[in-house]
Amino acid sequence: MEGEATYVSDLDNLKATELRLGLPGTDAPEKPTPASPRGSKRALLAADEECQSKSKSLGADSSGQEAAPVAKAQVVGWPPIRSYRKNSFQARKAEEEAAGLFVKVSMDGAPYLRKIDLKVYEGYKELRKALENLFKCFSLGELSGMEGCNGSEYAITYEDKDGDWMLVGDVPWEMFISSCKRLRIMSGSEARGMRSSP
Amino acid sequence: MTYFPEEVVEHIFDFLESHRHRNTVSTVCKAWYRVERLSRRSVFVGNCYAVRPERVVVRFPGVRSLSVKGKPHFADFNLVPHDWGGFALPWIEAFARGCPGLEELRLKRMVVSDESLELLARSFPNFKVLVLVSCEGFSTDGLAAIATHCRVLRELDLQENEVEDRGPQWLSCFPDSCTSLVSLNFACLKGDVNAGALERLVARCPNIRTLRLNRAVSVDSLSKILARAPHLVDLGTGSFTMDHRAEAYHRLMNNFTKCKSLKSLSGFWDASPRCLPAVYPICRNLTGLNLSYAPAIQGADLIKLIRLCLKLQRLWVLDCIGDKGLAVVASTCKELQELRVFPSDVCGAGTAVVTEEGLVAISSGCPKLNSLLYFCHQMTNAALITIAKNCPHFTRFRLCILDPGKPDPVTNQPLDEGFGAIVQSCKDLRRLSLSGLLTDQVFLYIGMYAECLEMLSIAFAGDSDKGMMYVLNGCKNMRKLEIRDSPFGDAALLEDVGKYETMRSLWMSSCDITLRGCKTLAAKMPRLNVEVINERDESDEMEENPSDLHRVEKMYVYRTVAGPRNDAPDFVWTL
């Protein structure tokens with residue numbers, strides 16, 4: 001809402017009251033009156049930074065919720081949360097985003113483990129291919145654990161945040177990488193035992 | 001009454017607990033003024049620029065406890081430029097010179113340098129209590145000075161300050177002879193601490209009751225500390241990250257069981273849900289619980305925890321508790337008095353959010369609720385009316401609908417009626433924050449009904465000057481009024497200039513007031529400081545001498561007997 005003007009329920013005019021960002025130097029688009037500048041450029045720039053960090057988090061979270069209106073990210077000092085609190089969450093997010101998601105990968109029978117960065121893969125298919133490459137010297141054959149195909153000698157499993165061993169492939173990729181602590185390529189017999197239990 | 005000997009009058013004054021009452025009796029006659037000022041032990045300065053520190057010292061030479069507040073409240077949300085002011089040093093210097101018996105200092109939203117802390121540490125031999133809230137400008141070196149020199153320190157309470165980390169050695173500066181600590185809160189420090197020094201400090205302070213650790217303190221350390229200080233009443237847990245199957249976890253749970261006095265818990269910075277059962281043994285005694293920094297605790301785990309907290313009076317959570325979680329709070333926590341629900345961007349995909357439903361549930365389940373801070377995605381008039389009926393005892397009601405200017409989603413109406421119901425029903429309401437779509441009507445209601453209202457926060461609300469005028473004309477007890485992004489202009493500002501001398505301060509930003517309006521106000525009211533804050537930016541739109549018609553972006557007005565301040569930066573013009 002601009003710094004004046006009665007609320008107009010007319011949907012057409014909703015656009016007029018929409019907060020917009022513009023690059024410095026461009027006209028602030030569609031402002032109802034020219035006599036009320038939306039605030040100093042500094043406010044816009046600050047809002048821009050906020051918007052970037054907000055839209056990152058919006059991007060990460062919005063899959064489950066309705067897309068939150070982006071307009072709200074553009075307002076300086078809104079929502080009114082103490083900077084201390086805001087900073088502590090942003091710092092944590094930055095920490096999580098900057099660090100790669102390196103997890104150990106062990107394979108039954110192999111003499112040493114490997115480490116991979118889960119963040120570089122787009123999905124399970126890529127992961128499986130990468131694991132095949134990593135361990136091909138140990139003559140893996142086909143890796144299962146994805147679509148539940150039988151007959152293969154190995155199953156890919158992972159340890160989640162709660163310490164339980166899960167079969168890779170059940171949950172959405174995003175959820176998987178946020179809870180995976182390490183991977184283990186389980187050999188035939190053990191793997192079959194895992195799959196056959198109800 | 002002046003026939004009473006002064007000792008008797010002084011003794012009578014001892015029964016007056018509030019500052020306001022003492023202020024009042026001091027105005028009765030000269031004799032009472034004298035008795036009151038010499039016997040005054042505690043002074044509260046709500047605005048550090050309202051009076052000069054030297055004057056406070058001269059008038060009240062026997063002060064033991066001083067509280068001072070600096071920046072305007074909206075500074076919390078980055079609306080006040082960084083170097084606006086609010087320096088602690090002049091206060092510490094004045095008291096060091098004139099009142100060396102000072103024992104307690106509480107500062108909020110002030111700039112505190114290491115130099116000030118050093119001066120503080122060296123100047124007051126009896127210094128016992130230091131509380132810093134939302135302050136900045138100091139580092140752990142300043143804390144080291146406090147630890148080193150304050151021999152009888154009882155409380156060091158750092159709440160949500162921005163502190164520069166210069167290493168963990170500050171904690172080791174508490175001498176071995178220091179055994180007097182009752183309360184230590186360093187939760188806001190970002191750096192490491194020396195675990196051994198911390199454990200030894202706790203072990204030698206038998207009276208320690210409040211201990212809030214920072215994120216760097218490991219669970220192992222926490223465990224040892226609990227073992228040494230099972231009489232703790234208030235605990236901030238540190239990171240609380242651990243493997244729930246490990247030895248450490250079981251030890252921790254054991255040690256928690258021994259803490260029979262524990263009433264308040266906070267921290268849980270990195271806690272994962274599997275570790276929560278460690279605190280189950282003490283949940284039923286908890287009166288305060290702060291999980292607002294623990295985004296990983298949600299859903300079923302959070303609910304499980306809450307179901308154990310039957311005696312809870314104060315609860316701070318993130319909105320990923322969801323309406324369902326709040327319903328559980330409502331059915332479990334019948335003693336609840338204060339609830340804060342903060343927004344989180346970090347809860348992850350598909351997590352719940354809170355709406356009016358959650359709050360309605362709380363209001364019907366928790367009749368003792370009197371203080372609320374609630375960030376939500378939507379609110380309806382019907383809900384607010386119900387809440388007002390269920391909970392007539394609100395003293396603080398702060399509602400923040402995240403989308404500015406959002407109407408009632410069911411009726412598409414403004415929320416005037418809803419907030420109107422709140423102010424009409426809650427006769428003791430002292431603090432109110434508004435949000436959502438609001439017209440002048442809500443201010444009419446506030447002016448009419450909110451007789452006890454002392455602090456009002458307005459954002460993106462109102463249609464015209466009338467809105468602000470209703471408030472200024474109606475709320476007799478208004479002390480702090482802060483307004484942003486609302487269409488109030490010079491006419492409203494100048495409607496009743498005398499009113500501002502009855503208030504502590506007025507903040508207006510992104511409204512429609514002009515330089516001429518501000519200048520007029522300043523000219524009419526010499527005992528107000530009218531500050532216009534002009535942040536300059538690269539293009540320098542603001543010329544050196546802007547016209548009077550120029551819209552003022554930020555204005556801060558406050559009553560003062562100290563005159564214009566001498567430490568204002570260039571971008572602050574005191575008119």
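Helices (H or I, at least four residues) and strands (E, at least two) are DSSP runs, numbered from the N terminus. This is a predicted model, in which local features need pLDDT of at least 70, side-chain atom pairs count only at pLDDT 80 or more, and totals for chains, interfaces and linings use all residues. Residues are numbered from 1 along each chain as its sequence is written, chains are lettered from A and ligands numbered from 1 in the order in which they are written, and side-chain values use heavy atoms, with hydrogens and water left out.

**Cavities**

- A cavity is a set of points, on a 1 Å grid over the protein atoms alone, where a 1.4 Å probe fits but cannot get out; lining residues have an atom within 4 Å of a point.
- Grid points are joined across faces, edges and corners, and a volume is the space filled by probe spheres set on the points.
- The count is 4 cavities of 30 Å³ or more.
- The largest cavity holds about 150 Å³ of space.
- Its lining has 15 residues, and Pro72(B), His73(B), Lys480(B), Ser505(B) and Tyr556(B) are the closest to its centre.
- Two elements of chain B, β19 (480-484) and β20 (505-509), each give two or more residues to the lining of the largest cavity.
- β19(B) gives the most, with 3 residues.
- By class, this lining has 5 nonpolar, 4 polar and 6 charged residues. Here Ala, Val, Leu, Ile, Met, Phe, Trp, Tyr, Cys and Pro count as nonpolar, Asp, Glu, Lys and Arg as charged, and the others, Gly among them, as polar.

**A buried arginine in chain A**

- Arg184(A) sits in strand β6 (residues 182-186) of chain A.
- Arg184(A) counts as buried because its relative accessibility is 18%. Buried means under 20% relative accessible area, exposed over 50%, partly exposed in between (1.4 Å probe, protein chains only).
- Neighbours within four places in sequence aside, Arg184(A) is in contact (heavy atoms within 4.5 Å) with Ser106(A), Asp108(A), Ala155(A), Ile156(A), Thr157(A), Trp165(A) and Glu190(A).

**Backbone features**

- The peptide bond from Trp78(A) to Pro79(A) is cis, with omega near -5°.
- Pro79(A) is in the loop between α2 (41-61) and α3 (83-98) of chain A.
- Phe240(B) is not a glycine, yet has a positive phi of about 60°. Its place is the loop between β10 (234-237) and α11 (247-257) of chain B. At 0% relative accessibility, Phe240(B) is buried.
- Phe268(B), also a residue other than glycine, has a positive phi near 55°. The loop between β11 (264-266) and β12 (288-290) of chain B holds Phe268(B). Phe268(B) is buried, with a relative accessible area of 0%.

Terms used. 1 Å grid on protein atoms, 1.4 Å probe; cavity = no way out; pocket = protein on both sides within 12 Å on 5 of 7 lines; lining within 4 Å.
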